[in-house]
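Keep the viewer open as you read.

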Amino acid sequence: MDSVKFDDALPVFSGEWPGENNFVFHAPITSPVNRKLEPLGPHFLAHARRKRHSRTFSEDDRLEASKKVKNIEEEDAGEISEPEDAGMLSRDAKDWKNQDHYAVLGLSKYRWRATDEQIKKAHRRKVLKHHPDKKAASSSGAHQDDSFFKCIQKAMEILSDPVKRRQYDSVDDNADVDPPSKKAKGLFYKLWAPVFAAEGRFSKQQPVPKLGNEKSTKEEVDEFYNFFYNFDSWRTFEYLDEDVPDDNENRDQKRYRKNEDIARLRELVDKALGLDPRIRIFKEQERERRNAKKNAREAEEKRLAEEAAKKAEEDAKKKAEEEAVAKASREAGKKAKEAAKQAVKKNRRVLKASVKDNNYFVTGDPSPATIDGVLGDVELIQGKIDPDELAELVSKLSVSKGADAVKAVYVDQAEALVNKGAAKKEDFKALFA
Amino acid sequence: MSDSSAEQEAGAVIGIAFGNTTSSIAYTSADGKAELIANEEGDRQIPTVLSYLDSDEFHGGEAKAQLVRNASNTVAYFRDYLGKKYSEIDPTNSHHSAHPIDADGVVSFKVVEKSGEEPSNISIGEITTRHLKRLRDSAADFLGKEVTGAVVTVPTDFTEAQREALVAAAKGANLQILQTIHEPIAEALAYAAKENMQPEDRTILVVDIGGTRSDASVVSARSGMYTILATAHDYETGGVQLDQVLVDHFAQEFIKKHKSDPRENPRALAKLKLESETVKRTLSIAVTASIGVDSLADGFDFHSSINRLRYEIRAQKVFDDIMKLAEQAVQKAELDLVEIDEVILAGGSSHTPKIAQRFRALFPETTPIHAPFTDAAALNPSELAARGAALQAALISEFDVEDIDQSTHPAVTVAPHLSKSIGVVVVGADGSEEFRALLPAQTAVPARRVAAFAAPAEGGDVVVKIVEGVSEIRKTIIEKKEEAVNGEGEVEDESEEEEEEEEEEIKTKHMKVDKLLAEALLKGVEKGQKIEVTIQAAADTSLNIAARIVGTQQGVRGVIAAP
């Protein structure tokens, strides 16, 4: 309940206070009389409600207040009532271009959202209130002229015609929501969502994606910004033009204004994009993802390189070892060969000496032919046998004493060669003579 | 206010003012405004008349016109017979229409319903049913949907038996009576809805001057709750009597010219009555009116005119009766005329300028008289009851009948009403202690009031004295101007204005402290601060007092025990 206000002052207390507490009870009220309340009217309803549900005033107030909130919300959809300010009421109808048509009809809460039904209703309501016939009847006399009624009619003329309404909506800057200033504090989504909701009204394509919130996916955010970057606007600026027949200048101006608007929107979207925390987050995530890939690749490469290096090292080591072995063996072979050569040389000398010592298996002075024949055979044997056999031969020769024994050794050797097929019997001219 | 969804599903609810002479129907529009519904003929005040001619039933204005040619088959002024035994009724008003007859104690009318057949007896209940049915159909046609429920206004002296008869009759017309409400309260409600503000505590005199009867009621409105303090009825004063004044006047003129009294011929009388009624209405708007009746009596045409002054002089007795009735109601309520805060004139005869003027003269200048002549913004007095009923109908349309019955049960409606005003002592303009009422007398408990007072100019400790106050009528002789000074500003103006005009003593109402109930001390109040005092009267008539300094935590609470 509203408080009643009295301008009178309460008395000042002086003297001695009669009680201990600050509240002293003196006497009860005069006995009341029971009477019957008339059961009608909203206030009786409240009384009945309190009495029947044994609620106190404050309980009832609370319960009713919560009910009321709901009611008001429900009513909002249909109710059109706004206070009319004096400035608006005294407007000149000739200045209709600068008139806020929605405010005139009491729809400034709805603006471009107002349905045709709402506009019709609002117009009717305003006409009922401001019709000149009614004004004349009222004794107020303050607004005897019908200029505001003309304002109402003009507003209706514009808002009831879809083409004219679009033209007016296009330039209705009362419906614009200015982008928040840089200093504005608060959540990005809260600050910017109304801006885009207002811009979205110009879109030929409806519904317009919403700005969303921090939970929006990347796809949604991308769709949102793409939508506004590729914005297809029905906004026109004829309403701002002077009332002159079409001319070229006008058309240029129209195009210029349209382009200007497109640029403005682009700038706006850029700005929002720059401030959008989600974009930063998405970029961060993207970078992380890319980095993760790169790192993985690098790690792999490194691992491969390391492996390759290891392998190469091992190979080199092995090769070196092999080479060392080979070298050693080669050197060993060379030495052996030389030793063998030496041995062969020595054995040859032994062989030659053995046949020479035994006078080429003849008695007396051997003829040169004989010598040549014997030496030829020895050389043949020597050429056909390997050093080991030669050494064996040499050792056999060294133990053989006398020409015949030596000759027998040679013959055995030659026969062994013949048997082996390494030489033919005929080749040994002297031994098998 | 109205539950539109429920209305659409279950049909509409309307308010009906069922009068003895005329009835009105009204509905509450979606924006909470009560609007009268016109019937097929375009009448908003539909005569409570049914007439039978050539097997056809006529209703309203058409039926009323038949009073001239078909009076015996025309039933009028029957509302007051409803629910009464034949022995209880006063059939005076029906002398010139179908006369009520006694059918085993039940009031009935003998009319020829179908031409060529024997007259049949139609009981009062049946007549009422037919009347309500026509009203219901008119409303349904206008609203374009079925009418299922109605709130009907009844006079304050309507008995329970009459109420039951009305509900039963309505049931026959397939109309559920959601609630019957008293006419003066419906009329007060219509004005309360018009002002659309936080309701003020006022004592209202509602004078309903109808066609055949007048009723005056003193109503206390306390934060939108109404209690009837007193009622007075006069069954012999109303529009019919005013018509009779004109009938007599014109009859005398006719006699002067033609030496024949048209009142002796029933048809001539009926004609003259209908025309006189039109003249009476014209005189409420214009200062002169003319009458023209072709072949009034003995074949003579009658043409004449009358000005308002002559009419007013002739009707003085009727006006006197109305004023007497009003004063009687105020007396019954044990109040003085100056204690009436507002006067509402209702009923068709309240259009009469002289009646409004008489009330204007009777009450102090500051008391608003709601009648078309004294208040340009006044509502049409003929429509008040129907409007109030429609508002109430919209208000309760969403409730079940059971719910309504429970809420109108005496357990809920009977409440203790304060005998004396309860308020706080303040320092008046001249430094003396004055009483400011928070809970005026006749406020029903439980009740709660909150008031803000200023702190003393110099600050300091403040005492909140909760006291009972009584009103005191001070008589001021004009020359002694000083006595009026300590009253309210308005009173001063009044005495000044009237000083030159007439040397008369002026009565003004003052409240004086009668009994100290409790005191509360608020220490260290700074100047410029406000002190808020809340008085909450509980159902057991104990008072909870809370005083606090606005904007601080400092406050005092206490209880004044029940007597």
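Which strand of chain B pairs with strand β3 of chain A, and in which sense? It's β15 (residues 225-234) of chain B, and the two strands run antiparallel over 2 bridges, with β3 covering residues 33-38 of chain A. Bear in mind that this is a predicted model.

**Where the chains meet**

Let's look at that pairing residue by residue. A:Leu37 has B:Thr227 as its bridge partner in β15(B), and A:Glu38 stands opposite B:Tyr226. In a regular strand, side chains alternate between the two faces of the sheet.

β15(B) also has a partner inside its own chain. Strand β14 (residues 214-222) of chain B is joined to β15(B) by 9 bridges, again antiparallel. One of the facing pairs there is B:Asp215 with B:His233. The hairpin formed by β14(B) and β15(B) has 2 residues between the strands, and B:Ser223 takes a positive phi near 40° in that hairpin. β15(B) is mostly covered, with 8 of its 10 residues buried.

Now zoom out to the whole interface. Chain B brings 84 residues to the contact and chain A brings 47 residues. Together they bury about 6200 Å², and carbon and sulfur atoms give 62% of that area. On the chain B side, B:Met225, B:Arg448 and B:Glu519 lose the most area to chain A, together 11% of what that side buries.

What about polar links across the interface? There are 26 residue pairs in polar contact, both residues being at pLDDT 80 or more. By class, the chain B side that touches chain A has 53 nonpolar, 18 polar and 13 charged residues. The salt bridges between the two chains number 2. In A:Arg52 with B:Asp403, the closest N and O atoms are 2.9 Å apart.

**Salt bridges, across and within chains**

Over all chains, a search of the whole structure finds 45 salt bridges. Here are some of them:

| Salt bridge | Closest N and O atoms |
|---|---|
| A:Arg52 with B:Asp403 | 2.9 Å |
| A:Arg264 with A:Glu199 | 3.0 Å |
| A:Arg287 with A:Glu284 | 3.6 Å |
| B:Arg474 with B:Glu472 | 3.4 Å |

The pair A:Arg264 and A:Glu199 forms a salt bridge. That pair links distant parts of the chain, 65 residues apart: A:Arg264 lies in helix α11 (residues 248-275) of chain A and A:Glu199 in helix α9 (residues 188-199) of chain A. A:Arg264 is partly exposed at 32% relative accessibility, whereas A:Glu199 is buried at 7%.

A:Arg287 and A:Glu284 are separated by about one helical turn, because they are 3 residues apart in helix α12 (residues 277-357) of chain A. Both ends are partly exposed, A:Arg287 at 42% and A:Glu284 at 40%.

In chain B, B:Arg474 is partly exposed with a relative accessible area of 24%, and B:Glu472 is partly exposed at 27%. Elsewhere, salt bridges that share partners join B:Arg79, B:Asp80, B:Asp157, B:Glu183, B:Arg213 and B:Asp215 into one network.

**A last stop in chain A, then chain B overall**

A:Gln118 sits in helix α5 (residues 116-130) of chain A. Is A:Gln118 buried or exposed? It's buried, because its relative accessible area is 8%, under the 20% cut-off. A polar atom of the A:Gln118 side chain lies 2.9 Å from the backbone nitrogen of A:Thr115.

As for chain B, its secondary structure comes to 15 helices and 28 strands, and 54% of its 563 residues are buried.

How values were computed. Residues numbered from 1 in each chain as written. Chains lettered and ligands numbered in written order. Predicted model: local features only at pLDDT ≥ 70, side-chain atom pairs only at ≥ 80, totals over all residues. Heavy atoms only, no water. Contact = heavy atoms within 4.5 Å. Buried area = accessible area lost by both parts, 1.4 Å probe. Salt bridge = Lys/Arg side-chain N within 4 Å of Asp/Glu carboxyl O. Polar contact = N/O pair within 3.5 Å; in protein donor to acceptor, adjacent residues only side chain to side chain. Nonpolar A, V, L, I, M, F, W, Y, C, P; charged D, E, K, R; others polar. Pairing = 2+ DSSP bridges. Helix = DSSP H or I, 4+ residues; strand = E, 2+ residues; numbered from the N terminus. Buried < 20%, exposed > 50% of the residue type's maximum accessible area, 1.4 Å probe, protein only.
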